[in-house]
Amino acid sequence: DDVDESLGAWVVSCGDTEKKGTRKERESTERWETMGMTPQALINIIGGVSVTLMFSILACTINTSDVIPANWWPMFVVGTYAMAPFPIIIFGNVSGDTMDGGHTITYWAYFTTGWIVTISFGIPCILYHANVIAFGNCFFSLASSFTIYGMILRQIVRNARG
């Protein structure tokens, strides 16, 4: 980094391109980059969560059948969205050596997270099969699950590509 202190500006040389800006812009950019997330990625995540919650609310409020009224049962899926990351947050970074290169508790955390994610797709299907919710409500609940997990998967792929 070449910094011109007298003007308060900065220049970053990366091969053939140069980025210019003020010190305040540089600090702001570095802060976002250290968090591992750009403002665009944050906006995408907020939008995805909003669409997910909209689908969940629609699954509970829209009458899609003359026989089965709308009810609050599809909202159980939102609980799985909240529970899914906790096993990895709690047990995902256990340190120590084992002979096979990983900790059993870390693998258990991945398994439990996968199980919770699977439940979020299974709950609406089971409720539909038991005639607790109508097909349209099941569709909105599944759309909610596909939206949130698709958004998370897209963010993981984007971070892996750099």
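Asn131 is exposed, with a relative accessible area of 56%, where buried denotes under 20% relative accessible area, exposed over 50%, and partly exposed the range in between (1.4 Å probe, protein chains only). The structure is a predicted model, in which local features need pLDDT of at least 70 and side-chain atom pairs count only at pLDDT 80 or more, whereas totals for chains, interfaces and linings use all residues. Residues are numbered from 1 along each chain as its sequence is written, and side-chain values use heavy atoms, with hydrogens and water left out. Asn131 is located in the loop between α5 (104-129) and α6 (135-161), helices being DSSP runs of H or I with at least four residues, numbered from the N terminus. The phi angle of Asn131 is near 60°, a positive value in a residue other than glycine.

The average pLDDT of the chain (the predictor's confidence in each residue, from 0 to 100) is 81, and 73% of the residues score at least 70. Over residues 1-17 pLDDT stays under 50, and for this segment the model has 30 contacts (heavy atoms within 4.5 Å) beyond four places in sequence.

A search of the whole structure for disulfides, defined as pairs of cysteine sulfur atoms within 2.5 Å, finds 0. The sulfur of Cys125 is 4.6 Å from the closest cysteine sulfur, which belongs to Cys138, and this distance is too far for a bond. Cys138 is likewise in no disulfide, the nearest cysteine sulfur being that of Cys125. Cys125 counts as partly exposed at 38% relative accessibility, whereas Cys138 is buried, with a relative accessible area of 4%.

Ser56, found in helix α2 (residues 39-61), is buried, with a relative accessible area of 3%. When residues up to four places away in sequence are not counted, Ser56 touches Met75, Val78, Tyr81 and Ser144.

On the surface, a nonpolar patch is formed by Phe86, Ile89, Ile90, Phe91 and Val94, which together have about 480 Å² of accessible area. Accessible areas come from the Shrake-Rupley method with a 1.4 Å probe, and for residues only the protein chains shown count as cover. Patches are made of residues with over 30% relative accessible area and no salt bridge, with like charges joined within 9 Å and nonpolar side chains (Val, Leu, Ile, Met, Phe, Trp, Tyr) within 5 Å; a salt bridge is a side-chain nitrogen of Lys or Arg within 4 Å of a carboxyl oxygen of Asp or Glu. Phe86, which lies in helix α4 (residues 86-91), counts as partly exposed at 47% relative accessibility.

Note on methods: Helices (H or I, at least four residues) and strands (E, at least two) are DSSP runs, numbered from the N terminus.
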